[in-house]
Amino acid sequence: MSILLNRDSKVVVQGMTGSEGTFHTQQMLEFGTQVVAGVSPGKGGGRHLGLPVFDSVAEAVGATGANVAAVFVPPPFAADAIMEGSAAGVDLVVCITELIPVNDMIRARAMIGRRGTRLVGPNCPGLMSPGDHAKVGIIPNQNGYPGHVGLVSRSGTLTYEMMQALSQSGYGQSTAVGIGGDPVLGLSFSDVLELFARDPETELVVMAGEIGGADEERAAELIGRGYPKPVVGFISGRTAPPGKRMGHAGAIISGNTGSATSKVEALEAAGVRVADTIEQIVDLVRDRIGVAPTRA
Amino acid sequence: MKLLEHQAKSQFRSVGVECPMGRLAHTPQEAAEAATELGAVVIKAQVPIGGRGKAGGVKLARTPEEAHAAAAQILGMDIRGFTVPTVLCEQALDIARELYCGVALDRDRRCLVVMLSFAGGMEIEEVAETAPEKIAKLWPDPFAGPQAFEIRQLALDALAAVGGDQTIPKSSLLAQLVPLVQRLYSLSQRLDATLCEVNPLVITGAGRLIAGDGKIEIDQSAEFRHHDLVRELGDDQGAGSSGEDPLEVEAKRRGLTYVHLGGTIGVVGNGAGLVMNTLDLVKQHGGEPANFLDIGGGAKAEVVRKALEMVLLDPQVKGIFVNIFGGITRGDEVATGLVAARDELHITVPLVVRMTGTREAEGRQILEAAGITPAVSAPEAASKIVELTSGGSR
């Protein structure tokens, strides 16, 4: 039905009592996500939004069986929160926080990698499996619609736009994953593509990249070796000048790596059709999997 | 933050990486005095950019008179947009060999990489492009750091890449490289640097390893841990000498994520990916974007106002394209904010707004009533703003 997140996922929110944590936990609950607990060191024993609050993720996991951690913790403490979630034994950590120091992320990623924990983000909108009424993160509730398109993107608002455009044309999503705009990320495009390849509910994948790094090129290599489902691509930042950080810490062309041209070429060489606009993404999806059933 | 050469070198010295004797000079007279004290010196422009040598910003001076003349030429010189405020006068080295040694972020592997190459003196990106086999690499365990045996292997790999050059004194090299790499690595950790490189790392005629030049870049997201140092280094670099675009400096002061691009169409949107995409659309429709401005996820009326104000500081701007995706924010709220901002700021240039999402119909009505052109789709808005700004004057 989906990847990474489904109706059985039990979510613990780290930083739930903060203002962002509070607002987005409410939104997640409204969407139908099974949020089971919050963690705020020092506030354990209390309740917030009708949910139990614990001092540590380990306690929360022990008491509630949570298997997904959502991190809404400020940047200086976020890498620690990611490692804490992993050490407590959750399968998936989703980190929304932006502006985490790169060295912190390198260490956090190495530590959780040894435990086999999956990480989405940081600096990401999180993920949503509309058919399972499950979302972790900040994707607006009204943008998702159940269906068979797998969506993976480095951007936040652009992801919402794509979801809305696809949903309005009748193309719902199995799961939409925002992998984040930082230079050091958890799951890569390739990791998510591999998960979509094995998901029976996903018919086609839309992959939206942007300038910086070479993750899109790596994904193109994976697709070029033979990918079982059609992929539609999109790259933003075609007009971005080299050496300038375009909002996201990871969206920067350094020397010869990271240009939009290189990514578009790599994807096209792997047989991926790359759209120029969001409207065109919908057209290409239609080309590949046919006219969608009318949206309810 | 990028450190200037002399700032990087003082960091190198603080961890025991040897650098040439040097003095910083603000005037030709000071440069001459440095040469009197140090003998033959190399006079080097202190600007945070590579390619100084090719631009004439590095000169050898054998006497105080030559040092005076060289400094007089270099000080105040423009190197790719950076005015040279100071020169570093360093004792000239007896160079037998030049290496590259650096710690950098490897985005592909999502960790730091230590690189060593005998193709020193060249920019490492250039070597990576033309002769990648000449660069030996080591990816240290992020918790343990580079171990001695790993560094010896790195050196042996780099040597093998140049055919095991017999003129290079292997045992002395290995003995010196191990502490040097460990010191550079620990410096990169202490400073939260995403780049910490010595290039060239000089092997002198006597076989000593000395840092000929160096670059350090502190991770912007980690600057909160280095407030004092960042302020001190920033003051030392001085206003105006950083070579930053004045509009970008102003935007930073106002707390806005802004990149100046030089065209005529101001662009404001929420979310980095969405704004990048908006720039692409403007270009696809034949326009030239003036800037990138991301007001972030939850667009608030006050931020919209600040953004419009910022965009209009650029005298080149002939029209503004606002592209808002209303997720959690309501369209009517954004529209009200936009109308108020236009009236308060007396905006007379064309303003095209495309908004979608929550309560977009209500938002569009508010805009129309106030005489602002709303657009349904982003491509339509892009074509509209290009049409409204082409040809006509402000």
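In the predicted model, the interface between the two chains brings 44 residues of chain B into contact with 45 residues of chain A. On the side of chain B that touches chain A, at least two residues each are supplied by the strands β8 (111–117), β13 (257–260) and β15 (291–294) and by the helices α4 (124–130) and α9 (272–284) of chain B. The greatest contribution to this side of chain B is that of α9(B), which provides 11 residues. By residue class, the side of chain B that touches chain A is made up of 20 nonpolar, 14 polar and 10 charged residues.

The domain assignment divides chain B into three parts. Domain 1 of chain B is assigned to residues 1–20 together with 94–243, domain 2 to residues 22–92, and domain 3 to residues 246–389. A separation of 43 Å is found between the C-alpha centres of domain 1 of chain B and domain 3 of chain B.

For chain A, the assignment gives domain 1, residues 10–120, and domain 2, residues 139–289. The C-alpha centres of these domains of chain A are 26 Å apart. Their contact involves 10 residues from domain 1 of chain A and 8 residues from domain 2 of chain A. On the domain 1 side of this contact, the elements of chain A that each contribute at least two residues are α1 (19–31), α4 (102–115) and β7 (118–120). Of the residues on that side, 4 come from α4(A), which gives the most. The side of domain 1 of chain A that touches domain 2 of chain A comprises 6 nonpolar residues, 1 polar residue and 3 charged residues.

A helix pair of chain A was also examined. Helix α5 (residues 157–168) of chain A packs against helix α9 (residues 278–289) of chain A at an angle of about 45 degrees, and the two axes are 9 Å apart. Because of this angle, α5(A) is oblique to α9(A). The crossing formed by α5(A) and α9(A) is right-handed. From α5(A), the residues A:Glu161, A:Met162, A:Ala165 and A:Leu166 take part in the contact, where they meet A:Ile278, A:Glu279, A:Ile281, A:Val282 and A:Val285 of α9(A). The contact of α5(A) with α9(A) contains 7 nonpolar and 2 charged residues, with no polar residue.

How values were computed:
Residues numbered from 1 in each chain as written. Chains lettered and ligands numbered in written order. Predicted model: local features only at pLDDT ≥ 70, side-chain atom pairs only at ≥ 80, totals over all residues. Domains from an automatic or database assignment. Contact = placed C-beta atoms within 7 Å. Nonpolar A, V, L, I, M, F, W, Y, C, P; charged D, E, K, R; others polar. Axes fitted to C-alpha atoms, helices over the stretch in contact; angles between N-to-C directions. Parallel < 35°, antiparallel > 145°, perpendicular 65-115°, else oblique. Left-handed = near helix turned anticlockwise from the far one by under 90°.
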